Amino acid sequence: MWDVEAFTKAAAVTVSELAAYVEESQRGQVPVVRQRPPAEIAGRLRLAELIREGGLSTETYQDFLHAFLSEGTRLHHPAYLAHQVASPDFPAALADFIHGATNNPMAIYEMGAAAATVEFEVIRWMLEKAGFPRGAGVLTHGGSLANLTALLAARAHAAPEAWANGTPDDLVILAPPSAHYSVSRAASIMGLGQKAVVELPTDELGRLAVTRFPEISGKRPIALVASACATGTGLHDDLRAVGQWCRDRDIWFHVDGAHGASALLSPAHRHLLDGVELADSLIWDAHKMLRTSSLAAAVLVRREGALDAAFQQDASYIFYGDQGFDLIGRTVECTKAELGLKIFLNLAWRGERGLGDFVAGRYAAAHRFWELARRRPGFALPYEPESNIVCFRYGTADPAGIRERMMADGTFYLTSTILNGVRHLRVTVMNPATDDSHLERLLDEITRLAPAQHEG
Ligand SMILES: *Cc1c(COP(=O)(O)O)cnc(C)c1O
């Protein structure tokens, strides 16, 4: 049984430690990232001893948590400009806490009617934003699983026999090389193999070049995958043109909106997804731009039955008769977390407007970074950003070397990516605390470090 008094005390400690951690991170006066070797961290946190002996108390827990937080990566830090992982907002954090305590897993309605209903309403809202008024959807643990789920629905549409007989040899997936790697993984997971991924032509920045698409003959396309936006560049495919090409040939149109679908909430950026309503399926990660913790993603389909066709199963302890309000038939997972609550609480607190303003603000900050960098000599920026992702180079400096130096110093945390065969630095503005002063300081820091970082 829970000692409710001990819980209340430990929860209060957790809140005060987290509040101090977030405040310190937001002010940016601590390293954004630390990567001590595991042995050192294990020693400092006394992990082996605690695993063996147990015995953590409210007091020792506070010490542990303090040290644990200080050894981690700070996503609330204005110099966090790395992976497309949300700087989480606190309503969503509360949802994670509530889930941890209540554990009403979302597979069958009877295991959590309130949490399931919240998921239904969040999905209904997302469908409306996507322009799928008669669609259906489900939340999954992340975009990779969401892409797989959408492509399974597409396979069931193209080859309903595949579930029983295995995947026929003539099925293919059409996708650009810039598609997220989870798409080509899904091909192999589904038994198609990499040979079944037909690479579509693109422009030099990886965007689908619809006028150069080949006609497909002798093969059955399961789906064509477009990006909104592409992971590497943050650039968008022309969904209307690609969607029309698919319509004309009766090919399932899948839009990977893991990162960029949240732009549907910003009136100034919604046009980037113009044509999304032509899609047969869309995925949308909330743990990127809707500020929930990892993970919470949606799979949305335009026609209601399309998702239920993706899976068939026989498990008499859980599947019998009419499944009513159960979502289990639509997911790879059996048990899953109360994902809807995280998205719902951010919406309930900030409103659709508030989240839309957040997206618009971060997209504007990335655009601002592009403007500031362009004004300085030596910076090369291959395209004008459309989202909050910007790729760039500085002179002949080695992007990987610069990145490693800044991470070792804890001054900035960026990523890098290969664009048109050349490695570039890559900034993703995820954090509401990042402003012009941080972006200028980043440019100063790169200029300072570059002379020592010769390519080669
Ligand atoms: C991040 C991303 C994914 C993968 O999502 P996860 O939630 O990390 O599994 C898929 N597609 C695109 C375009 C992405 O940016």
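Tutor: Start with a charge and a ring. Arg374 lies over the face of Trp370, at 4.0 Å from the ring centre. A charge counts as sitting over a ring if NZ of Lys or CZ of Arg is within 6 Å of the ring centre and within 35 degrees of the ring normal.

Student: What kind of model is this?

Tutor: This is a predicted model, where local features need pLDDT of at least 70, side-chain atom pairs count only at pLDDT 80 or more, and totals for chains, interfaces and linings use all residues. Residues are numbered from 1 along each chain as its sequence is written, and side-chain values use heavy atoms, with hydrogens and water left out.

Student: Which ring does the charged end of Arg291 sit over?

Tutor: That of Phe358. The charged end is 4.8 Å from the ring centre. Remember Arg291; we will meet Arg291 again.

Student: How do I read two rings together?

Tutor: A pair of aromatic rings is described by the distance of the centres and the angle of the planes. Rings of Phe, Tyr and Trp (its six-membered ring) pair if their centres lie within 6.5 Å; planes under 30 degrees apart are stacked, over 60 edge-to-face, and the rest tilted.

Student: How many aromatic pairs does the structure hold?

Tutor: There are 12 aromatic pairs. One of them joins Trp2 and Phe7: the centres are 4.7 Å apart, the planes make 50 degrees, and the pair is tilted.

Student: Are Trp2 and Phe7 buried, partly exposed or exposed?

Tutor: Learn the cut-offs. Buried is under 20% relative accessible area, exposed is over 50%, and partly exposed is in between (1.4 Å probe, protein chains only). Trp2 is exposed, because its relative accessibility is 54%. Phe7 has 31%, so Phe7 is partly exposed. Now take another pair. Trp125 and Trp284 are also tilted, at 5.8 Å between centres and 35 degrees between planes.

Student: Where do Trp125 and Trp284 lie?

Tutor: Trp125 is in helix α6 (residues 113-130) and Trp284 in strand β6 (residues 281-285), so this pair ties together parts 159 residues apart in sequence. Helices (H or I, at least four residues) and strands (E, at least two) are DSSP runs, numbered from the N terminus. Both Trp125 and Trp284 are buried.

Student: Which residues do ring pairs link into a cluster?

Tutor: Phe369, Phe379, Phe392 and Tyr394.

Student: What about opposite charges?

Tutor: Side chains of opposite charge can pair when their charged atoms come close. A salt bridge is a side-chain nitrogen of Lys or Arg within 4 Å of a carboxyl oxygen of Asp or Glu. The structure holds 29 salt bridges. One of them joins Arg52 and Glu53, at 3.5 Å from N to O. Arg52 and Glu53 are both exposed.

Student: Which residue does Arg291 bridge to?

Tutor: Asp89, at 3.9 Å from N to O. Arg291 lies in the loop between α11 (286-289) and β7 (297-301), and Asp89 in the loop between α4 (58-70) and α5 (90-102), so the bridge ties together parts 202 residues apart in sequence. Both Arg291 and Asp89 are buried.

Arg350 forms a salt bridge with Asp89 too, with the closest N and O atoms 2.6 Å apart. Arg350 sits in helix α12 (residues 339-375), and this pair links parts 261 residues apart. Arg350 has 36% relative accessibility, so Arg350 is partly exposed.

Student: Which residues are linked in a network of salt bridges?

Tutor: Arg36, Glu40, Arg44 and Glu71.

Student: How many residues surround the ligand?

Tutor: 14 residues do; the closest are Gly143, Ser144, Asp256, His287 and Lys288. To count as near, a residue needs a heavy atom within 4 Å.

Student: Where do polar side-chain atoms come in?

Tutor: Check distances to oxygen atoms of the ligand. For Gln84 the distance is 3.3 Å. For Asp285 it is 2.9 Å. For His287 it is 2.8 Å. The protein covers 87% of the 380 Å² of accessible area that the ligand has on its own. Such areas come from the Shrake-Rupley method with a 1.4 Å probe; for residues, only the protein chains shown count as cover.

Student: Which side chains does Gln84 contact?

Tutor: Gln84 makes a polar contact of 3.0 Å with His259 and one of 3.1 Å with Arg426. A polar contact is a pair of N or O atoms within 3.5 Å; within protein, one must be able to donate a hydrogen and the other to accept it, and residues adjacent in sequence count only if both atoms are side-chain atoms. Gln84 is in the loop between α4 and α5. Its relative accessibility is 8%, so Gln84 is buried.
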